Each structure stands twice: as C-alpha cells, then as structure tokens.
Amino acid sequence: MSQSQLANAQVTLPVAAGQVGRLSQALMAMVLGVFVIGMVGFSHIDVVHNAAHDVRHSNAFPCH
Amino acid sequence: MSTFRSIVFASVISGFIVGLIVTVVQQFGTVPLILKAEVFEKAAETHQHDAQATAQPAAAGHDHAAHDHGDHDHGAGDHDHGTGAWEPRDGFERNAYTAAANVLTAIGFALLLAGFFAVRSGATGARVSWHEGLMWGLAGFAVFTLAPGLGLPPELPGVPAAPLLSRQIWWLAAVLATAGGLALIAFRRSVPAAIAGVILLTLPHLIGAPELANIETNVPSSLTHQFVTAVTVTSLVFWTLLGGLTSAVFARFDQRA
C-alpha cells in the first residue's frame with residue numbers, strides 16, 4: 001500500500017481505526033481481569049486456596 | 001494515555017479502595033460466621049478421625065492426610081486445612097491475606113468493568129458517568145452473585161457440597177448465560193432478543209446446579225441463612241461501590257488521553 005493510500009485510509013476511517021485499537025486494548029485488560037479473578041477465586045492450588053479461603057467463601061465462589 | 005493503561009490504572013486504584021472497604025465490611029458480616037462454622041467443621045473432623053481410628057485399630061501407620069484425600073470434596077471432614085498445605089495463621093496473618101485477596105478480586109472485576117466502559121464510551125463518544133457505572137455494578141451483582149447464588153447458595157466451611165470442579169463449571173456457565181441474557185435484553189431492544197435473553201437467564205437454573213443427594217452437617221441452618229444474607233449484602237456493597245468508583249476514576253484517566 002502506497003503512502004497516499006495509507007494516508008487516505010487513515011483519513012477516511014479514523015473513528016473505526018481508533019475503535020479497533022480501543023476494543024483490542026479493552027479486551028486485553030478484560031482477559032487480565034479474568035486471569036486475576038480465576039487465580040484468586042478458582043485456582044485448585046492448595047496454598048492459593050488457603051490464602052484466599054475467607055474471600056472465596058465471602059464471594060460465594062465454589063470452595064472446597 | 002493509552003486505553004489499556006487508563007483501564008489498568010483506574011482498576012488498580014478503585015480495586016484497592018473497594019477491596020479494603022469490603023475487607024472491613026466482611027469483618028463484621030461474613031468472617032465471624034465463617035469462624036463460627038469452622039468450630040463445627042473442626043469438631044466434625046475430630047469426630048470423624050476418632051471414628052475411623054477406632055474402626056480400623058489394626059491399620060498400621062494411620063495416615064490422616066490419606067483419608068482426607070480419600071473422599072475429597074464429598075464429606076464434611078475433607079476441609080483442605082487437614083491436608084497439611086501451608087495456610088495463614090489465624091488472626092492478623094489470615095486477615096492480611098483476606099485483604100490482599102479482596103483487593104486482587106476487586107481489581108480483577110474492575111478490569112472487566114473498565115473494559116466495558118472503554119468500549120462503551122468509545123462507541124457512544126460520551127464518557128461513562130458514575131451513575132451508569134453504578135448500573136454496570138448492579139449488573140455485575142446480578143451476574144456474579146445473584147444468578148450463581150440461586151443454584152449454589154453461599155456455603156460455609158463444613159457444609160458438604162457436590163464435587164468442586166462440577167460446581168465451578170456450573171458457576172461459570174450461570175455467569176456467562178446471565179451476562180449474555182442481560183446483554184441481549186439491554187442492548188438489543190427487540191422482542192426476539194428479549195425472549196432469547198430471558199431463556200438464557202433461566203437456562204442454567206432449568207439445568208440445575210450440581211448438588212449432593214443428602215447433606216449431613218452439624219453447621220446449624222440458622223448460621224447458613226445468616227451467611228447467605230451477609231454474603232449477598234456484602235456483595236451488593238462491593239458491586240455498587242466498584243461500579244460507581246471504577247467508572248468515575250476511568251473517566252478521569254480517559255479524559256487525559
């Protein structure tokens with residue numbers, strides 16, 4: 001793609017391009033969030049379970 | 001500032017604040033009930049061990065850990081504390097880990113919320129107000145507490161339940177179906193979508209959560225009832241605070257982009 005075409009694409013699709021960047025960044029953050037929740041609330045590792053025990057019960061996450 | 005950084009900063013700040021507030025709320029609500037239930041749980045464990053020890057007096061090298069693993073996830077006496085893995089000491093250490101786990105959980109859910117706020121404000125062009133954030137928080141309460149709690153009510157230590165993995169799978173399915181159902185109703189304002197949404201909302205409960213045929217526990221049912229109320233109310237506080245605060249903080253970071 002030539003420089004002029006590239007510039008043209010950016011001029012005609014600024015909102016859409018920005019949206020895609022925003023969407024993918026938001027998705028990355030959400031995947032990170034799911035990972036953190038999964039580790040604290042759902043990991044079967046005994047040590048993690050024991051450390052987060054009261055939180056798992058308090059959040060009504062399935063426990064034991 | 002990039003969207004990702006705005007989301008992460010906003011989530012860490014609001015997750016930290018809400019996690020600490022909820023830790024304090026839990027000290028008055030859920031934690032005293034958990035500690036009370038553990039007294040019954042430990043009594044049942046001791047009783048079970050004694051019973052098994054007298055039932056098999058000839059068993060050489062009687063191994064407590066082994067029969068704890070034996071019926072793991074099935075009986076009242078299978079609490080993980082019996083397996084000898086590290087656990088925080090009661091008192092400050094235990095509460096410190098609870099606070100840390102609360103903060104991490106709040107940050108995790110804030111990352112989800114702020115992700116939606118970013119997509120939403122990107123699509124509408126207007127920032128998500130604290131009030132809209134609070135509504136998202138209420139949706140989170142419905143998705144992550146109310147819906148899974150209908151099939152799998154908050155459980156105290158010492159109350160036997162169906163195998164852990166099956167309950168985790170049902171919990172996740174209920175969360176996904178409820179989120180999908182609410183999204184269909186809220187964002188696709190058509191009759192077919194609304195019908196599909198209601199079907200999705202009810203589907204996990206028609207299938208039913210995994211449960212044991214009969215539950216024998218010496219944890220009093222009044223304690224369990226108090227716990228269900230405490231968990232639900234604490235969770236409502238958690239989600240409304242988290243929704244409102246995360247949206248407000250995210251809007252501030254996002255504006256500076």
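Helices here are DSSP runs of H or I with at least four residues, numbered from the N terminus. With that in hand, chain A reads α-α-α-α along its sequence. Keep in mind throughout that this is a predicted model.

**The two chains**

- Chain A comes to four helices and zero strands.
- Of its 64 residues, 39% count as buried.
- Chain B has eight helices and zero strands, so running from the N terminus its elements go α-α-α-α-α-α-α-α.
- In chain B, buried residues make up 40% of the 257 residues.
- Take the contacts in chain B with a separation of 6 or more: residues 24 or more positions apart account for 83% of them.

- The mean pLDDT of chain A is 81, and 69% of its residues reach 70 or more.

**What the UniProt record marks**

- An unreviewed UniProt entry places a "transmembrane region" at residues 26-45 of chain A. In the model that span is 85% helix and 0% strand, with its end C-alpha atoms 29 Å apart.
- For chain B, the UniProt annotation "transmembrane region" (again from an unreviewed entry) covers residues 7-28, 96-118, 130-149, 169-187, 194-215 and 227-251.
- Residues 130-149 of chain B are 100% helix and 0% strand, and the end C-alpha atoms lie 27 Å apart.
- Residues 194-215 of chain B are 64% helix and 0% strand, with 38 Å between the end C-alpha atoms.

**Where the chains meet**

- The contact draws 50 residues from chain B and 31 residues from chain A.
- On the side of chain B that touches chain A, at least two residues each come from helix H1 (3-28), helix H2 (30-55), helix H4 (92-124), helix H5 (130-151), helix H6 (164-187) and helix H8 (221-255) of chain B.
- Which helix gives the largest share of that side? It is H4(B), with 16 residues.
- Sorted by class, the side of chain B that touches chain A has 27 nonpolar, 17 polar and six charged residues.

**The nonpolar cores**

- The largest nonpolar core has 49 residues, and those with the most contacts inside it are B:Ile7, B:Ala106, B:Ala110, B:Leu111, B:Leu113, B:Ala114 and B:Leu242.
- Setting aside neighbours within four places in sequence, B:Ile7 is in contact with A:Ala26, A:Ala29, B:Leu111, B:Ala114, B:Gly115, B:Ala118 and B:Phe250.
- There is also a second, separate core of 14 residues, which includes A:Cys63, B:Ala37, B:Leu156 and B:Val159.

**A closer look at H6(B)**

- H6(B) has 24 residues and reaches 34 Å from its first C-alpha to its last, close to the 34 Å expected at 1.5 Å a residue.
- Its buried residues are B:Arg167, B:Trp170, B:Trp171, B:Ala174, B:Ala177, B:Thr178, B:Gly181 and B:Leu184.
- An α-helix has 3.6 residues a turn, so residues three or four places apart point the same way.
- Among what covers the buried residues of H6(B) are H5 and helix H7 (191-207) of chain B.

- A:Ala60 is in the segment after H4 of chain A. It has a positive phi of about 60° although it is not a glycine.
- Is A:Ala60 buried or exposed? It counts as buried because it has 25 C-beta neighbours inside 10 Å, and the cut-off for buried is 20 or more.
- B:Phe28 lies in helix H1 of chain B, and B:Phe28 counts as exposed because it has 10 C-beta neighbours inside 10 Å, where exposed takes 12 or fewer.
- B:Phe28 and B:Ala230 are 202 residues apart along the chain, yet their C-alpha atoms are separated by 9.1 Å.

Technical notes:
Residues are numbered from 1 along each chain as its sequence is written. Chains are lettered from A and ligands numbered from 1 in the order in which they are written. This is a predicted model: local features need pLDDT of at least 70, side-chain atom pairs count only at pLDDT 80 or more; totals for chains, interfaces and linings use all residues. Two residues are in contact if their C-beta atoms, placed from the backbone, lie within 7 Å. Ala, Val, Leu, Ile, Met, Phe, Trp, Tyr, Cys and Pro count as nonpolar, Asp, Glu, Lys and Arg as charged, and the others, Gly among them, as polar. UniProt positions are given in the numbering used here, feature names are shortened, and annotations may be inferred rather than shown by experiment. pLDDT is the predictor's confidence in each residue, from 0 to 100. A nonpolar core is a set of buried Ala, Val, Leu, Ile, Met, Phe, Trp, Tyr and Cys residues joined through C-beta atoms within 7 Å. The expected span of a helix is 1.5 Å times one less than its number of residues.
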